Structures are given as structure tokens and as C-alpha cells.
Amino acid sequence: MAGAMVRLSAYALLLSTMVLAVMAKQPYPKHPVPNNKKSKCKVEKYDKCFNSEHVCPYNCPGGDCVVDCVSCKPICKCDLPGAVCQDPRFIGGDGITFYFHGKKDHDFCLVSDSNLHINARFIGRRNQNMMRDFTWVQSIGANFDTHKLYIGALKTSTWDDSVDRLAVTIDGEPIELPLSAGAKWESNGVSITRSRNTNSITVEVEGNFKITANVVPITEEESRIHNYGITQEDCFAHLELGFKFYSLSNAVNGVLGQTYGKDYTSKVNMSAVMPVMGGTRKFLNSALFSTDCSVSRFGLEAPVTAGSEFAGLECGSSMEGRGIVCKK
């Protein structure tokens, strides 16, 4: 009996030693990094939530969020209809999440209508183990009326959020804004406002569209998790975008634009882990301000507007899922 107890004690000691050795090689998983960005409900009619401050969820891309005044909860900006974020992940006007990878160093039509055409320049890295590029939106070019708007992220090696890496031009003229949240430029119904001191702006064209744009890097942690292969030479600074449209027609097209059409039905495979939209060729443009993609509507006669079709959508997200739920 005593011999058995000795053998059992020796076995327990050996087992505990092995466990400690494994733990030494494989430390506990890191806890999520807290998000220090906050947001408030800004709609006064929701008196119980109005002006209440909320910390953004830790998993919001770029850390940015808005407060849903109805539920009085913070929602990641990249989970709202009209969002274009990450390895381009879109939330359509119909509330459905999908991915469009495009191709690095090429320009693709996001929205095309009679008086608005928005293209995006994709940058990226080739993944040798996959049949596609890892891609992100580096810049957008918008044609509206007789004007051209450019918003772009400047190439950056080492990221410092206190340094502004955002470039904006109207008709080729650079727009210089003071490095202060709330700084504003206005002219002929076009306004450009800094949302933060650096790397975040809101552009609004009266009666046409509103764009929020943030410049963010690919972090070392993101590169490690997704195997992006980002090096110290380039952190692939890119845009995270949010679009709101005021007067789209039912004939609107483009990767994002088509999802606002009255008769549009999504064809992406929603049961897939990553629902991908195809059609790379038909959305391809020859340059950032070109309107020569095969689905272009720019300059054509406008049918009935589709803007009101989605005006009453209320959307929410569980934060952990791949998409959102919208209802009228």
C-alpha cells in the first residue's frame, strides 16, 4: 500500500511538472485591449439616453462607434449600413454584410448614379497561400455635379495617431484644416469637418451624400492573426468609411450602390463564413476619377429616387456576429 502511494505521488509530481512546462511555452491568452474611445447619444428626443457617454466596444475597427439612442447602446461604425471597413467588408443599404476583395493597385466603382460616382483605390499584399490579394481601400475619388473630391490615406511606415495621415482635395486643390476636432471648411454646399484632431473627417455635400473617413493602420496584432505579412516599411494605412446618401435613384449601381436599389436582391452566399460578392470586372475602372466601369450610371438621366426606401431603417448588431439586423 505504501509503495502504491509513493508511485502515485511520483506520478502526480511528474504530471504537474509537464503541465507547468506546457504553460511556460504557451502563456495564457491575452485579454482584449480596452477601447478608450467614447461616444454619446446626440438626439434630444431620446431624453433618457441623450448626451449619455458610452465606451466603444473593444472590437470596433479603429475603435470608433456611435450610440444607438433607442437601445442606448454603443454600436461600431463599421456595423452600420453604408460602412466599408477592413479587408473590404461592406454593410449594404439592405443591411446585409458582404466582402469584396477586388485587386490591389486597381480602382473599383463603389457607387454610380446620375449625379454621383465614387471609386475606390485598393492597395494590398499577395497571399501566397491563397488565390487572391489581401486588400484595403487606400483612397476614394468622388465625381458629383462638376466637382471631384479626393480622400486618401498617406503611405506610412511607423504609425503615430497624433500625426495626420489624411489627404483631401476638391477639384485638385488641397484642403488644409487645423489639427483640431471641429475645424471646418465650407464652400458652395460642401463642408469638410475634422471629427478628431487627426486622421478623421466628415464630408457632406448638401442634398447628395455624407462620408465619414478615418485613416487607420494594419497593426502588428492584426497582421499576426490574419497572416497579412505586414513589414516595418509599410503599415498599409487605409480608410475606414461610412456613407449616407440623400438622393440615389432606383438605377444606382456599384459594389455598394446597388444594395440601395428598390428591386435589388443580394446574391452573396450568406451561409459562408465570409460572404463574398463577385463581379470584379464589371466594377473595374481605368482610373480613380474615371466613370468607365460597365455599370456606370454617371451623367445618365435619373429615374425615381431610392433614397426614401431605406430612410426608416433601424439597425442593430450583437457586436460578435458577422452582420446586423435592420427593420423599418
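**Close-ups of a predicted model**

**View 1. Glu186 and its partners around strand E15.** In E15, Ser191 is the bridge partner of Glu186. This is a predicted model, and the view takes in strand E14 (residues 184-187), which runs antiparallel to E15 and is joined to it by 4 bridges. Glu186 also makes a salt bridge with Lys184, where the closest N and O atoms sit 3.9 Å apart. Glu186 is exposed, at a relative accessible area of 58%. In the hairpin of E14 and E15, 2 residues lie between the strands, and Asn188 takes a positive phi near 50°.

View 2. Strand E15 (residues 190-194) is mostly covered, with 4 of its 5 residues buried. With strand E16 (residues 200-205) it pairs in the antiparallel sense, this time over 5 bridges. Look for Thr193, whose bridge partner in E16 is Thr202. These two strands form a hairpin as well, with 5 residues between them, and Asn199 in the turn has a positive phi of about 60°.

View 3. At the E13 end, strand E12 (residues 166-170) pairs with E13 over 2 bridges in the antiparallel sense. Ile170 has Glu173 in E13 as its bridge partner.

View 4. The structure holds 8 salt bridges, and one of them joins Asp64 to Lys37, with 3.8 Å between the closest N and O atoms. The pair links distant parts of the chain, 27 residues apart: Asp64 is in the loop between E2 and strand E3 (65-68), while Lys37 is in the loop between helix H1 (2-25) and E1. Asp64 is buried, at 9% relative accessible area, whereas Lys37 counts as partly exposed at 22%.

View 5. Arg224 and Glu221 both lie in helix H2 (residues 220-226), 3 residues apart, or about one turn of the helix. Their side chains meet in a salt bridge, 2.8 Å from N to O. Arg224 counts as exposed at 57% relative accessibility, and Glu221 as partly exposed at 36%.

**View 6. A positive patch on the surface.** Lys40, Lys42, Lys210 and Lys244 gather here in a patch of positive charge. Lys42 comes from the loop between strand E1 (38-40) and strand E2 (53-55), and is exposed, with a relative accessible area of 71%.

How values were computed:
Residues are numbered from 1 along each chain as its sequence is written. This is a predicted model: local features need pLDDT of at least 70, side-chain atom pairs count only at pLDDT 80 or more; totals for chains, interfaces and linings use all residues. Side-chain values use heavy atoms; hydrogens and water are left out. Buried means under 20% relative accessible area, exposed over 50%, partly exposed in between (1.4 Å probe, protein chains only). Two strands pair if DSSP finds at least two bridges between them. Patches are made of residues with over 30% relative accessible area and no salt bridge: like charges are joined within 9 Å, nonpolar side chains (Val, Leu, Ile, Met, Phe, Trp, Tyr) within 5 Å. Accessible areas come from the Shrake-Rupley method with a 1.4 Å probe; for residues, only the protein chains shown count as cover. A salt bridge is a side-chain nitrogen of Lys or Arg within 4 Å of a carboxyl oxygen of Asp or Glu. Lys and Arg count as positive and Asp and Glu as negative; His and the chain ends are not counted. The place of a charge is taken as NZ of Lys, CZ of Arg, CG of Asp or CD of Glu.
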